[in-house]
Amino acid sequence: MKNGYLFFACFILSTFFLLSCSQKSDLLSFEVMNTFMTIKSYGKNSRKANLLAKEKIMELENLISVTREESDIYRLNHSDGKTVILNEESFYPLSFALEMAGATEGLFNPLLYPVIHEWGFTTGEYKVPEDIRIKDLLSYCDYKKVLLNPKEKSVKIQKDMMIDLGAVGKGYAGDQAIKILKEKGIKSAILDLGGNVQTIGRKIDGKLWSIGIKNPFDSGISLGLKIEDMAVITSGGYERYFEENGKRYIHIFDGRKGFPVENNVASVTIVCKSGLLADSLSTSIFVMGEDEAYNFWKSRSDFEMIIITKDKKLIYTKNLSQNISITASFSAVEVFE
Ligand code: AMP
Ligand code: MG
């Protein structure tokens with residue numbers, strides 16, 4: 001009988017232990033890449049995994065920041081036309097960003113930094129530059145002039161050309177953080193990297209993650225999105241802008257013209273596996289506008305998208321139909337198929 005009690009007590013204790021292990025979670029918040037990030041992971045290694053993921057994101061910032069003097073990108077931008085050898089983790093997002101520049105024929109342009117700087121978006125000293133000045137600076141923004149050597153991980157840009165990975169950095173950081181979390185055995189996690197959401201698996205209860213997509217016109221949510229194991233990344237014209245003589249100039253630029261985008265798009269959300277792809281596409285699709293975005297989406301099969309226009313139309317790609325629940329009022333709803 002005594003043995004029976006002992007066995008029962010051991011059984012209860014070990015069940016409790018196993019349950020508490022499987023339910024263990026960790027929430028880690030920190031500030032990096034000029035934004036606030038949160039990682040919530042589930043599993044017995046969640047604390048350690050989160051700390052390692054945070055360390056990785058900080059390491060990446062030190063490699064790809066355009067302003068940190070010790071970063072690879074800073075070194076490249078101040079190389080006076082000499083060849084620079086990069087770390088694999090700065091070479092990869094750079095070559096990816098250049099590929100996206102090619103795929104969008106320069107609408108996405110990671111070489112636009114001199115122009116964006118002239119408009120004051122890097123310093124906060126905003127101004128509308130003279131057309132002639134923009135034209136002049138655009139001669140330093142030709143992404144086709146970047147020479148890459150993938151074998152050596154070396155890059156050569158001409159003097160006064162500058163690379164800016166601002167449109168892809170957070171998405172890439174998310175991918176690398178997820179890689180670490182998975183290596184540590186995490187099977188369920190949600191990362192909010194300054195509004196970019198990336199997930200591993202499903203919620204711990206087996207249900208899909210619910211992501212709120214911001215309403216570009218107020219502080220609320222315009223729709224909910226149910227997903228698993230995906231990145232959900234939004235570019236919004238409301239995120240950073242200045243106004244002059246009643247006109248709004250946003251932080252997303254037409255990569256060919258060197259002007260802030262002035263189309264009918266209010267926000268673009270991309271849903272796909274890779275954070276790097278989603279981040280580069282959210283910016284690219286924003287620049288394209290709805291018609292070109294449709295043709296671009298039709299030509300590929302690696303992402304889904306949601307576009308909210310300035311006249312409050314909601315557009316989404318057909319494969320998201322089952323995942324979306326609309327919470328705000330829209331003037332029209334269109335499904336791309
Ligand atoms: P995101 O918020 O991901 O759309 O990225 C916007 C940031 O990317 C801006 O703050 C700029 O630093 C940079 N950027 C703006 N326009 C472009 C463009 N056309 N191509 C590449 N990067 C851009
Ligand atoms: Mg982006």
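Which residues coordinate the magnesium ion (ligand 2)? Let's start there. One caution before the answer: this is a predicted model.

The magnesium ion (ligand 2) is held by Ala-167 through O, by Asp-279 through both O and OD, and by Thr-283 through OG1. The distances run from 2.1 to 2.6 Å. Along the chain, these donors follow the spacing A-x111-D-x3-T.

Asp-279 is buried, because its relative accessible area is 7% and the cut-off is under 20%. Ala-167 has 21%, and is therefore partly exposed.

Next, a piece of sheet. It is open, has 3 strands, and the order is β3-β5-β4. The pairing is antiparallel. Which strands are at the edges? They are β3 (84-85) and β4 (147-149), and each pairs on one side only. Between β3 and β5 there are 2 bridges, and these strands run antiparallel. Look at Val-84: Val-155 in β5 stands opposite. Helix α4, residues 88-103, lies across β4 and β5. Relative to β4, helix α4 runs at about 130 degrees.

On to backbone angles. Two residues deserve a look in the viewer.

Take Asn-245. Its phi is positive, about 45 degrees, although Asn-245 is not a glycine. Where is it? Asn-245 is in the loop between β11 (241-244) and β12 (247-250). Its relative accessibility is 79%, so Asn-245 counts as exposed.

Then Lys-312. Again not a glycine, and again a positive phi, about 65 degrees for Lys-312. Lys-312 lies in the loop between β16 (304-309) and β17 (313-317). With a relative accessible area of 37%, Lys-312 is partly exposed.

Last topic: charges. Side chains of opposite charge can pair when their charged atoms come close. How many salt bridges does the structure hold? The count is 17. I'll go through three.

One is Asp-72 with Arg-75. Their closest N and O atoms are 3.0 Å apart. Both residues are in helix α3, residues 72-77. They are 3 residues apart there, so about one helical turn separates them. Buried or exposed, what is Asp-72? Asp-72 is buried, at 7%. Arg-75 is partly exposed, at 38%.

Another is Lys-273 with Asp-229. Here the closest N and O atoms are 3.4 Å apart. This pair links distant parts of the chain, 44 residues apart. Lys-273 is in the loop between β15 (265-272) and α8. Asp-229 is in the loop between β9 (221-227) and β10 (231-236). Lys-273 is exposed, with 55% relative accessible area. Asp-229 counts as partly exposed, at 22%.

The remaining one is Glu-118 with Lys-127. Their closest N and O atoms are 3.6 Å apart. Glu-118 counts as buried, at 14% relative accessibility. Lys-127 counts as partly exposed, at 38%. This pair also belongs to a network. Salt bridges with shared partners join Glu-118, Lys-127, Arg-133 and Asp-136.

To close, back to the metal. Ala-167, Asp-279 and Thr-283 coordinate the magnesium ion (ligand 2). And Asp-279 contributes both O and OD. Thanks.

Note on methods
Residues numbered from 1 in each chain as written. Chains lettered and ligands numbered in written order. Predicted model: local features only at pLDDT ≥ 70, side-chain atom pairs only at ≥ 80, totals over all residues. Heavy atoms only, no water. Donors = N, O, S within 2.8 Å, 3.2 Å for Na, K, Ca; no water. Buried < 20%, exposed > 50% of the residue type's maximum accessible area, 1.4 Å probe, protein only. Pairing = 2+ DSSP bridges. Helix = DSSP H or I, 4+ residues; strand = E, 2+ residues; numbered from the N terminus. Contact = heavy atoms within 4.5 Å. Axes fitted to C-alpha atoms, helices over the stretch in contact; angles between N-to-C directions. Salt bridge = Lys/Arg side-chain N within 4 Å of Asp/Glu carboxyl O.
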